[in-house]
Amino acid sequence: MFDQFKEYLRKKVTLTDEQFDLISEGIKVKTFEKNQIILTPGEISTKTYFVAEGLIRCYSIDSKGKANVIQFAPEQWWLSERNGFFNEPSDFFIDAIEHTTALILPRNYFNDAAVHVPCLHDLNNTMLNNSIRFMQKRINMLLSATAEERYLDFIKLYPNLTLRVPQWMIASYLGITPESLSRVRKDLAHKHFKP
Amino acid sequence: MNNRILKTVSAVLDAPEPQLIGDGFLVSNFFPAGYKLQMNPFFLLDFNAKMELASSLEPKGIGVHPHRGFETVTIAYHGAVAHQDSAGNSGVIFPGDVQWMTAAKGILHKEFFEQEFSIRGGIFQMVQLWVNMPAKDKLAEPRYQAIKNEDIGKYILEDDKGVIEVIAGIYNGIRGAASTFTDLHVYNARVNEGAEFLLTFPSHYNTGIMIIEGSLIINETTTVHENQFVHFSNNGEEIHIKATAKSVILVLSGAPIDEPVARYGPFVMNTKEEIEQALDDYNNGLFGYLEE
């Protein structure tokens, strides 16, 4: 599992084995069973999850009892509930959609690790900015995009989730009804399927 | 004079812990997950051991899912399975029937207990095989062979000891019902206690037998029972079978396909790039549409 994290970091920064050993001391590895709840609203979470194997999600349950998916995190994705950074209770659930093994990074991990590997400070900035950029695009999609546009964007971002996640859950992430998602996929099939 | 050497038994394997597939089928995966076996071109063997299906108005099963790059072979032993695919094929597989579905370039598929059987309830038992295809054929047009038991050629053993149903390949001159892309043999031997017969396959063919029912002695030395899978080494050409009880035996033997395998879920291709293409094609509707 640590090898996967090392490989992930080495795609972005130069890192020796010795440096990696230094910066991986504070990291724990945890396994979650399918459907296991990792975080519930009201808890304060200071943890960041890096998924080595499996799939977790962050979601809320609204007043009608509907689950609204904020984010999926398959392999090599990060997931962190951000109220915890400010010591405030979580608004969201996190649970495991599949049996998952994740690295658990403590709060301020990158700032602490940057003491040993200074370029991690810049990496953290880049990752945070990327996250914000991603959220902006997602808000814009949810405000203005058609169901088909949302779906086509989703399959570029998460190419294998259509095989791993039920359709209603994808629809929830996209902010459309399961019937709309079904219609989008049916229309695509009519366009592209040549029996 | 018979100069052939006997194939040695390399492993006798108990059924792995069964898992629920969809909401209906309870399946032991002998390979590739349960045991690491050299059974190329047979890529996967799922065995739903005999079970009592409770009556249900709403048929249970596995909902819409894709396949690319291989064939699924479904053999019903007890009960009945209804299926439908995105190319417009549908039907019911009754005991003794075989569905040989060539997914090839891509198809969507669903499988459920057949309606009347589901309402009635009863004994269910089934095997599903995934048969790999050569690279040159993996993107061929999907094809569907619904093989009824009465259309399967049968070799009749002497003294009414039973029959060998030749589903694919050839046995003692009886040709298999299914058309295949590579040289392979699939038989159902339905035999009485005391039946003895020989199986003959080239030594380099990967060979195994699934004991669906009953018990046998193999090569006069190895006793095996219901729900076990027997894997053979790549030496020798003959297997001697003697049934020690009324038995049903699924026989698999095939020439290995000497090509790399890249698999992701229901896609069995040759390279990582082809898997990425399969995902992209599936997501963009190139496998068609099938209502849940």
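Trainee: At roughly what angle do the axes of helix α5 (residues 147–157) and helix α8 (residues 178–192) of chain A cross?
Mentor: This is a predicted model, in which local features need pLDDT of at least 70, side-chain atom pairs count only at pLDDT 80 or more, and totals for chains, interfaces and linings use all residues. Residues are numbered from 1 along each chain as its sequence is written, while chains are lettered from A and ligands numbered from 1 in the order in which they are written. Axes are lines fitted to C-alpha atoms, for helices over the stretch in contact, with angles running from 0 to 180 degrees between N-to-C directions. The axes of α5(A) and α8(A) come within 10 Å and cross at roughly 75°.

Trainee: Which residues of α8(A) meet α5(A)?
Mentor: Two residues are in contact if their C-beta atoms, placed from the backbone, lie within 7 Å. From α5(A) come A:A147, A:E148 and A:Y151; their counterparts in α8(A) are A:S180, A:L181 and A:V184.

Trainee: Which element gives the largest share of the side of chain A that touches chain B?
Mentor: In total, 13 residues of chain A are in contact with 13 residues of chain B. The elements of chain A that give two or more residues to its side are α6 (161–164) and α8. The largest share, six residues, comes from α8(A).

Trainee: In what order do the four strands of the open sheet in chain A lie?
Mentor: Helices (H or I, at least four residues) and strands (E, at least two) are DSSP runs, numbered from the N terminus, and two strands pair if DSSP finds at least two bridges between them. The pairing in this sheet is antiparallel, and the order is β1-β8-β3-β6.

Trainee: Which residue of β8(A) stands opposite A:Y49?
Mentor: Strands β3 (residues 48–53) and β8 (residues 100–105) of chain A run antiparallel and are joined by five bridges. Opposite A:Y49 stands A:I104.

Trainee: What is the phi of B:N219, in the turn between β20(B) and β21(B)?
Mentor: Strand β21 (residues 222–225) of chain B runs antiparallel to β20(B), with four bridges joining them. The two strands form a hairpin with three residues between them, and B:N219 has a positive phi of about 50°.

Trainee: Which residue of β23(B) is the bridge partner of B:L216?
Mentor: β20(B) is also joined by three bridges to the antiparallel strand β23 (residues 238–243) of chain B. There, the bridge partner of B:L216 is B:A243.

Trainee: What is the radius of gyration of chain B?
Mentor: The radius is taken over C-alpha atoms, and the globule rule is 2.2 Å times the number of residues to the power 0.38. For 292 residues, a compact globule would have a value near 19 Å, and chain B agrees, with 19 Å.
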